[in-house]
Structure formats: structure tokens, C-alpha cells
Amino acid sequence: MLKLERILIDLKRNKKNQNKDTTSDYFLASNRLTWWAVGASLIAANISAEQIIGMSGSGYKIGLGIASYEWMAAITLILVAKFIMPIFLKKGIYTMPQFLEQRYDKRVRTVMAVFWLIVYVFVNLTSILYLGALALENIMGIPMMWGIVGLAIFAAAYSIRGGLKSVAWTDILQVILLIGGGLVTTYVALNMVSGGNGPFQGLTTLFNGASDKFNMIITRKENPEVWKDLSGIGVLIGGLWIANISYWGFNQYIIQRGLAAKSINEAQKGMIFAAFLKLLIPLIVVIPGIAAFYMHSHGIGNLNIAKPDDAYPALVSLLPIGVKGLAFAALTAAIVSSLASMLNSTSTIFTLDIYKTHTKKEVSEKQLVNIGRLTSLVALVIAVFTARPFLGGLDQAFQFIQEFTGFVSPGVCVIFLLGIFWKKMSANAALWSAILTFVLSAAFKFLFPGLPFLWRMALVFVVLCLIAMIISYIDNSKNDDSKAIKLSKDIFHTSTTFNVWALVISAFVAVLYIVFW
């Protein structure tokens, strides 16, 4: 009888706690995400208008080479799942800046928190809103500003109230729409290319009629204009690694999904699931761009394309009514899910890394959640009014996003990678890396305007590593840093299932590069 009473008391207490707003629930979904929720949410957060519209535009102009961002990301996800995620989960952190304070000090935490907030609001949120509204304008005839406002309201409707839990579980449905609708759009586009003879014949026609669009490694001699965006072998050994590791390993709005997992095993399985889905994404976002290029150059469908980013919307406008609705639903789902994810991460960083750490008064859990909601709303309003002025004149918004987030990426990688794997890395070295990543990136862009931004990122990374090592040796000449992370072999142990899938995915990526070299 006493045992039954205790059970009833526990149930009542749990029900009462579930009705309370807590930071764990709002920002980390109460650490209840399963592997399939983690993987689906990762892809939903990642794939948005900048991929569907922007990457299709780059596929139209550049070709399959732009798929390196997706296929190399699959390998990066495997590395992050095995070597980075276990450390973050062991630390029990909510945010990336929080980890930086644990490893370095509050100065580094604050500086990087401010950097990320600026990038999230003025680069990521604005690009998602602008490219999404561009698609709505071209497909449905909705005026640009109304499209921006409508998408903002749609995303705010569930993400601001429910937090990461609402975002992550909604992402599962949205990923199904995204992949299903995207594949149907690709099928119809390839069928149009083949003149109704099926998608496989359409793919063959593309490969034969636009063979220059199927090179993964683009040399300067073959295509000097495209080489500036995808600098040859640089996609394999250069700055693309810096961009990918920074994005997938240390980016709050991506890594937050792993932090919200039930366990390290669930987080790793979710990331390997996301890596598998990454292999499919070029079929959804790059091949349609190449198909639009072929159709436009051969007068098929009378596509209205004034600039590369018009490719996907123009293609969707030719689809049959039912298919167009599915493609539109997939596109909207991708846009809204990424907006919601970005809003939640923006509010997480501001609330926990700026407001909570710098306020002198005691703040309750409910107050922190309300601050998070208000932050999301303010960030969204700022993005609504800056989206069109910032991005309205660009031909390829995807390349703009990659280049200017690349101003931050080298410093982020130096701070985290050396901080995790090198015990002498000091707080002063991390702080200077955070500051100089902008300064050096801007200096190299100004002094060497012809240098591709992927190589510039790699060069800045190397220079920052040298500077960080010099400063660290000055600070910690005899001993390791007092806050150095103690690593052990068992922390990097992964399951047999993870290892098998990691090998399969890596082998598949290698085959893709060999075939399309």
C-alpha cells in the first residue's frame, strides 16, 4: 500500500513538473530525443532555402561540384559523432559558449557568443527568409515582403512557444515532406529533360548534354570563374574541412540536437542517420539545378531564369498542379524548420551565455524561458527588416553565406580543436583567435582578392594555429593549461553498428568522387 502511494505521489510530481517551463525542456527538449529524432532534426535544421534555392542556383551555374558541401558533410558528421560529441555530452553543457567558459574563461565565452548571435541574425536568418520569400514570389506570385513576414509568423507560431522540443518533433514530419517532395520534383524534372522517357534517361541526357556540369574537382584552367567558388582539390584538403567542422561540430543550432539526445549512443546513431541522408541531398537540390540549366539552354519549358537562384522556383512553376503542391510543401517545410531551429539556438545563446551570465540578480527558470522567447521574437523582427536589403542584389546567395560565415569558421575551429585536443591551449590564445579570425580573413580578402575563399579559410586557420601555439607556449611554457581536457581512449568508443555504417558511408563518398572526378 505504501509502495502504491509513493508511485502515485511520483506521478503527480512528474505531471506537475511537466507543466513548468524549464531551461532543460525549452532549450534541450528535456534530453529525450531518440536517434531518429536527432537525425531528422539535424537535416531539417540544415536543409533550408539556402540549400534548396541557393544550392540549386549553384548547381545551375557550377554543377555537381557544389555537392561537395553535402558529401563531405557526411564524413564530417561521422568524425564529429565519434570524436567531438562524447566530450560535449560528458561536460553536460547547454551551449557552445558554455563549453568555452569551462575550457577557457568568461571572456572567450562572451566574445564567441556575440559573434554567433551576429552571424545567426544577420547572415543565417536573413538568408533563410529572403530565399524562402524569393521562392514564394516566383512560384506563387506572393510579394517578397509578404512572403518574408508570412514565413516569420509561421515559424514563430510553434517554435517560440514550445522551444526545441516542439521544433525537433515537428522536424520529423518536415523531413519526410522535404525528401519526398524533393525526390518527386527531381523525378519530374528529369522526365521533362528526357522528353517523357523517364528519369534515368533524363539523367543520361544530362550527363551527355551537360558533361561539364558533372565534375567534382574543378581546375582553374578548365573554369576560372567557377574555380573561385570551388577551388579544385581545395574541396578535399582545403578550407571546406574548416567550414564543415565548424558548422557540424561547433555550431549551436546544429550541435544542439545531439546535446538533447537521450544518451551518447542515441546521439551518435542520430548523426550517422543524418550522414546517410546527406548522401541523398544532392539528388534533391543539385540535380534540379543542372536540369534547369539544360532545359533553359535547350529551350525546354520556356524557363524564366534571370539569375542562377531563379532556377529551382522556375522549375517548380512548370510542375503539374498536384506535384507543384507537394514541392511547395517540401520547400515550405524546409524553410520553416530551419527558421525555427535558428531562432531556438539564437535565444539559447543570448539567454544562457549573455543574459544569465552577466545579470547580477537571481533569475528563475521560467524567467529564463520567457527571456528566450522574447529574444527569438526580437531576432526574427530584425531579420525580417534586413533580409531584402542584405541579400536582394545577389546572384548566388549560397556562396555569399559560405564566404562570410567563413570569416568566423577558422577561428572557431582553432579555439575548439586545440582546446579539446591540445592541453597547452590557453584562454589568451583562444581570445586572440576569436578576434583575429575576422581581422585576418578581411585582410586576406582585401590583399588577395583573387584567392578563393576556401583556400583563404585554410590559410587563416594555419596562421591562427601558429599564433595560438605561440601565445599558449608563452602562457603555459612548463605545464599544461589548468583547464585542459583529460582525454581517455574509452571516451571515443563507438558501437559496432556505428562503425559499420561509418565505413559504408565513407566508401560510398569515395566512390562518388572517383566516378565524378
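A surface patch, as the word is used here, is made of residues with over 30% relative accessible area and no salt bridge, nonpolar side chains being joined within 5 Å. In this predicted model, one such nonpolar patch draws on helices α8 and α19, and helix α8 also packs with helix α18. A further pair of helices, α22 and α23, packs as well.

**The nonpolar surface patch**
- Val 114, Ile 118, Phe 122, Met 145, Leu 374, Leu 377, Val 378, Val 381, Ile 382 and Phe 385 form the patch on the surface, and together they have about 840 Å² of accessible area.
- The elements that give two or more residues to this patch are α8 and α19, the latter spanning residues 365–391.
- Helix α19 supplies the largest share, six residues, while Phe 122 is found in helix α8.

**Helix α8 against helix α18**
- The axes of α8 (residues 106–140) and α18 (residues 321–358) come within 9 Å and cross at roughly 160°.
- Because angles over 145 degrees count as roughly antiparallel, α8 and α18 are therefore roughly antiparallel to each other, and their crossing is left-handed.
- The residues of the contact of α8 with α18 divide into 23 nonpolar, eight polar and four charged.

**Helix α22 against helix α23**
- Helix α22 (residues 427–447) packs with helix α23 (residues 453–475) at an angle of about 150°, and their axes are 9 Å apart.
- Helices α22 and α23 are therefore also roughly antiparallel to each other, and α22 passes α23 in a right-handed crossing.

Note on methods. Residues numbered from 1 in each chain as written. Predicted model: local features only at pLDDT ≥ 70, side-chain atom pairs only at ≥ 80, totals over all residues. Heavy atoms only, no water. Axes fitted to C-alpha atoms, helices over the stretch in contact; angles between N-to-C directions. Helix = DSSP H or I, 4+ residues; strand = E, 2+ residues; numbered from the N terminus. Parallel < 35°, antiparallel > 145°, perpendicular 65-115°, else oblique. Left-handed = near helix turned anticlockwise from the far one by under 90°. Nonpolar A, V, L, I, M, F, W, Y, C, P; charged D, E, K, R; others polar. Patch = residues over 30% accessible without salt bridge, like charges linked within 9 Å, V, L, I, M, F, W, Y side chains within 5 Å. Areas by Shrake-Rupley, 256 points an atom, 1.4 Å probe, with all protein chains shown as cover. Salt bridge = Lys/Arg side-chain N within 4 Å of Asp/Glu carboxyl O.
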